[in-house]
Amino acid sequence: MDDCCVNVCRACEYDCKASNNTGKRDENDKFPQPKNAPYGYFEAVFKDKILPVHIHKDILPEGSEIIPHWHNHLEFLYIVKGNPIITAGASCFTACEGMIISFASGEIHHILPGESGSEYYCIQITDEFARDNSFPTDSGSIVLCCFSEYSKRAFEEMKREYFADSAYRIAAVRALGVQFMLGIYRSDSASLPVNTIKRMPATVEITKCAMKHIKEHYFEQISTEDVAKAAGVSIYHLCRCFKEVTGMTVIRYINYIRCCAARAMLMKGERTVSETARECGFSGLSYFTKTYASFIGCTPMQTLKNGE
């Protein structure tokens, strides 16, 4: 087996546990989604309780998007193709092949594929494992201009072991994970700190609280005022914080989450378009159809008929 490939081209939440439901790592695990629409996820599911590493490969076609999100663990992106545009902290930059980007635990980030699409490996490592081995988990984002040979060898071996069923696989992945992080955090001379402008922690926490509330209540008739109340701030303050951190308005994010849920529901073929609209929080069929098409690139009826 080689690597788990995630075809990131549609508006549907990706959750690592949604692969083949067998618990096995398989290079054929794919998450096909239509193009020209946002895509996002919050948290990886580490399948093996004692394996603190998750690896997959993302493929972002031109016109796709991974919207603002965060993880409660470390994340590293190893760019293997294209020039993705990455927003992390308060800065936006264009990555290139061979770069590795480190995101701190809890840091909101956003990825666009660039003009010709992009591909990268995503390596996620639990905070507990990093701390147990004396690595930082909250040091902000780091961009390594080049992947050191030490870290690259460790990554290739770690990837091979991760997707294999060899003896002592878990011990090998854990040991190689330490080598991988060691090479990255020792390469300060070749790194560029991304957080050139410090955001107030409260701004980020307000935004996270709002995003969490939206994900938990999108199917209700929630408004910006409802989200502001849940975050404990005024509407004005919420909108300012949310836009600053995510680049999106609160309403656009609500509609994005609703369309993600609607597409998953329509693909099952168990509900009509009207039922789906109502259960996903849309008050009118016309508005649902228009909004869905703007995110997904096709009408709800097309998704229901074609299952994509």
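In the predicted model, the elements that cover the buried residues of helix α5 include α4 (201-217), α6 (235-246) and α7 (250-268). Helix α5 itself spans residues 224-231, and its buried residues are Thr 224, Val 227, Ala 228 and Ala 231. These residues lie on the same side of α5, because the arc that they cover around the axis is only 100°. After α5 comes Gly 232, which has a positive phi, near 75°.

Positive phi values are also found in residues other than glycine, among them Ser 134 and Tyr 168. Most residues other than glycine have a negative phi. For Ser 134 the phi angle is near 70°. This residue, Ser 134, is located in the loop that lies between α1 (127-132) and β11 (142-144). The relative accessible area of Ser 134 is 67%; Ser 134 is therefore classed as exposed, since the cut-off for that class is over 50%.

For Tyr 168, phi is about 60°, again positive in a residue that is not a glycine. Tyr 168 is part of the loop between α2 (149-162) and α3 (169-185). With a relative accessibility of 71%, Tyr 168 is likewise counted as exposed.

Conventions: Residues are numbered from 1 along each chain as its sequence is written. This is a predicted model: local features need pLDDT of at least 70, side-chain atom pairs count only at pLDDT 80 or more; totals for chains, interfaces and linings use all residues. Side-chain values use heavy atoms; hydrogens and water are left out. Buried means under 20% relative accessible area, exposed over 50%, partly exposed in between (1.4 Å probe, protein chains only). Helices (H or I, at least four residues) and strands (E, at least two) are DSSP runs, numbered from the N terminus. The arc is that of the directions from the helix axis to the C-beta atoms. Contact means heavy atoms within 4.5 Å.
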